[in-house]
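Here is a short tour of a protein chain, meant to be read with the sequence and the coordinates open beside it. Please follow along in your viewer as we go.

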Amino acid sequence: GMWTLPGRTCGDGTYGVFDLVTLTIHCLRCPPGTVSVNTDLASECVGCPLGTCSNGTSSQCAACPAGMYGAVANATECLPCPPDTIAASAGMWACVACDSSHQPNSDATDCVAKPQPWLPAAIIVP
């Protein structure tokens with residue numbers, strides 16, 4: 001979204017500040033971890049919710065991709081899941097541990113069976 005007041009437009013990722021002395025609007029970039037929210041005659045920046053992030057250049061919070069998570073509000077980046085955990089879908093605010101017989105796949109989006117250790121065949125002596 002964009003919003004306008006007479007003679008001025010502020011774009012995505014910015015918010016407007018009205019200067020009472022000069023009677024003008026200054027467009028300022030939203031801080032990282034926040035996005036602009038536009039209303040009829042005002043604009044403000046609000047924090048991104050859990051499971052999302054924003055680098056401050058967009059009007060929307062981006063969902064963390066599968067394999068990553070956003071554990072805090074106002075995040076500027078999503079984090080990779082810790083070892084032995086996964087985030088199966090986008091927008092996760094926490095990663096889930098695999099059970100003891102499974103391990104994360106290479107992109108931490110699914111738990112897969114752990115390879116079984118190779119056991120030699122029993123030797124049968126008559």
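## Burial and surface

Of the 126 residues in the protein chain, 26% are buried. Here, buried means under 20% relative accessible area, exposed means over 50%, and partly exposed lies in between, with a 1.4 Å probe and protein chains only. This is a predicted model, in which local features need pLDDT of at least 70 and side-chain atom pairs count only at pLDDT 80 or more, while totals for chains, interfaces and linings use all residues. Residues are numbered from 1 along each chain as its sequence is written, and side-chain values use heavy atoms, with hydrogens and water left out.

The accessible surface of the protein chain comes to about 8200 Å², with areas from the Shrake-Rupley method and a 1.4 Å probe, where for residues only the protein chains shown count as cover. Carbon and sulfur atoms account for 62% of that surface. As for contacts (heavy atoms within 4.5 Å), residues 24 or more positions apart make up 28% of those in the protein chain with a separation of 6 or more.

Read from the N terminus on, the elements run β-β-β-β-β-β-β-β-β-β-β-β-β-β.

Strands pair if DSSP finds at least two bridges between them. One of the bridges sets glycine 16 against cysteine 27 in S4. Together S3 and S4 make a hairpin with four residues between them, and leucine 23 in the turn has a positive phi of about 55°.

Leucine 23 sits in the loop between strand S3 (14–19) and strand S4 (24–29), and leucine 23 is exposed, at 59% relative accessible area. With Phe18 and Leu20, Leu23 forms a nonpolar surface patch of about 370 Å² accessible area together. Patches take residues with over 30% relative accessible area and no salt bridge, joining like charges within 9 Å and nonpolar side chains (Val, Leu, Ile, Met, Phe, Trp, Tyr) within 5 Å. A salt bridge, in turn, is a side-chain nitrogen of Lys or Arg within 4 Å of a carboxyl oxygen of Asp or Glu.

Now move along to leucine 28, which lies in strand S4 and is partly exposed at 38% relative accessibility. Leaving aside residues up to four places away in sequence, leucine 28 touches Gly13, Thr14, Tyr15 and Val17. The C-alpha atoms of leucine 28 and valine 17 are separated by 7.4 Å, although the two residues are eleven apart along the chain.

## Disulfides

How many disulfides does the structure hold? There are five disulfides, each a pair of cysteine sulfur atoms within 2.5 Å. One of them joins cysteine 48 to cysteine 61, with an S to S distance of 2.2 Å. The link of cysteine 48 and cysteine 61 is left-handed, at -90° about the S-S bond. Cysteine 48 is in the loop between strand S6 (43–47) and strand S7 (52–53), and cysteine 61 is in the loop between S7 and strand S8 (62–63), so the pair ties together parts 13 residues apart in sequence. Cysteine 48 is buried at 1% relative accessible area, whereas cysteine 61 is partly exposed at 24%.

Another disulfide joins cysteine 81 to cysteine 95, S to S 2.1 Å. This pair links distant parts of the chain, 14 residues apart: cysteine 81 in the loop between strand S10 (79–80) and strand S11 (85–86), cysteine 95 in the loop between S11 and strand S12 (96–97). The link of cysteine 81 and cysteine 95 is left-handed, with -80° about the S-S bond, and cysteine 81 is buried at 13% relative accessible area.

Cysteine 98 and cysteine 111 also form a disulfide, with sulfur atoms 2.0 Å apart. The torsion about the S-S bond of cysteine 98 and cysteine 111 is about -90°, so this disulfide is left-handed. Cysteine 98 is buried at 14% relative accessible area, while cysteine 111 is partly exposed at 23%.

Technical notes
Helix = DSSP H or I, 4+ residues; strand = E, 2+ residues; numbered from the N terminus.
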